[in-house]
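This report describes parts of one protein model. Please look at the sequence and the structure before reading on.

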Amino acid sequence: QPPVAALDGLAVLGRVLGSIRGKVTTPAERRITDYTGVDVFIPGTSYVAKADKDGNFVLSNVPVGTYKLFATKPGVGSATSTASTKASFPSLDAPM
C-alpha cells in the first residue's frame, strides 16, 4: 500500500511528490538586489514559482526525479540549473 503521509513528500494516487526549494543568485558583476518577478520553472510542465525579493522559491508537488530548472526575469536575463526532488517519509509510532 502506498504511503499516506510525508514530511517533504506527498503520495497522491501512488505517485510520490516532493518540493524543490532554492535561491536565485547572480554573479557579483551582475548583482541584483531584488529578485521579485523572477520566474523559476521546469520547461514543458506547469511547474512555475515566483522568487521572493531575496531570490527564494519553492516548486511544490513535483514528482520525485531530477529536473532542469530555468530562471528568467525580463530585462535581466535567464539561467539554468539542475535539481532533484526527494520524498522523505516520517516514521510513525502507533502502539496497539
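## A threonine in a loop

In this predicted model, the side chains of Thr26 and Tyr35 make a polar contact at 3.2 Å. Thr26 is found in the loop between strand 2 (15-23) and strand 3. A polar atom of the Thr26 side chain also lies 3.3 Å from the backbone nitrogen of Ile32. When neighbours within four places in sequence are left aside, Thr26 is in contact with Arg31, Ile32 and Tyr35. Is Thr26 buried or exposed? With a relative accessibility of 13%, Thr26 counts as buried.

## The sheet

Strands of a sheet pair through backbone hydrogen bonds, and the pairing can be parallel or antiparallel. Here four strands form an open sheet in the order 4-3-6-7, with antiparallel pairing. Strand 4 and strand 7 stand at the edges with a single partner strand each, so one side of each has no neighbour in the sheet. On average, neighbouring strands of this sheet are turned by 25° against each other, direction ignored.

| Strand pair | Bridges | Residue pair |
|---|---|---|
| Strand 3 and strand 4 | three bridges | Phe41 and Val48 |
| Strand 3 and strand 6 | three bridges | Asp39 and Thr72 |
| Strand 6 and strand 7 | nine bridges | Leu69 and Ser81 |

Strand 3 covers residues 39-41 and strand 6 covers residues 65-73, while strand 7 covers residues 77-85. Strand 6 and strand 7 form a hairpin, with three residues between them. Gly75 is in the turn of this hairpin and has a positive phi of about 85°.

## The salt bridge

How many salt bridges does the structure hold? The structure holds one salt bridge. Asp39 forms this salt bridge with Lys50, and the closest N and O atoms are 2.8 Å apart. Asp39 lies in strand 3 and Lys50 in strand 4 (residues 48-50), so the pair ties together parts that are eleven residues apart in sequence. Side chains of opposite charge can pair when their charged atoms come close.

Asp39 counts as partly exposed, at 22% relative accessibility. Lys50 has a relative accessible area of 56% and is exposed, because the cut-off for exposed is over 50%.

Technical notes
Residues are numbered from 1 along each chain as its sequence is written. This is a predicted model: local features need pLDDT of at least 70, side-chain atom pairs count only at pLDDT 80 or more; totals for chains, interfaces and linings use all residues. Side-chain values use heavy atoms; hydrogens and water are left out. Two strands pair if DSSP finds at least two bridges between them. Helices (H or I, at least four residues) and strands (E, at least two) are DSSP runs, numbered from the N terminus. A salt bridge is a side-chain nitrogen of Lys or Arg within 4 Å of a carboxyl oxygen of Asp or Glu. Buried means under 20% relative accessible area, exposed over 50%, partly exposed in between (1.4 Å probe, protein chains only). A polar contact is a pair of N or O atoms within 3.5 Å; within protein, one must be able to donate a hydrogen and the other to accept it, and residues adjacent in sequence count only if both atoms are side-chain atoms. Contact means heavy atoms within 4.5 Å. Axes are lines fitted to C-alpha atoms, for helices over the stretch in contact, and angles run from 0 to 180 degrees between N-to-C directions.
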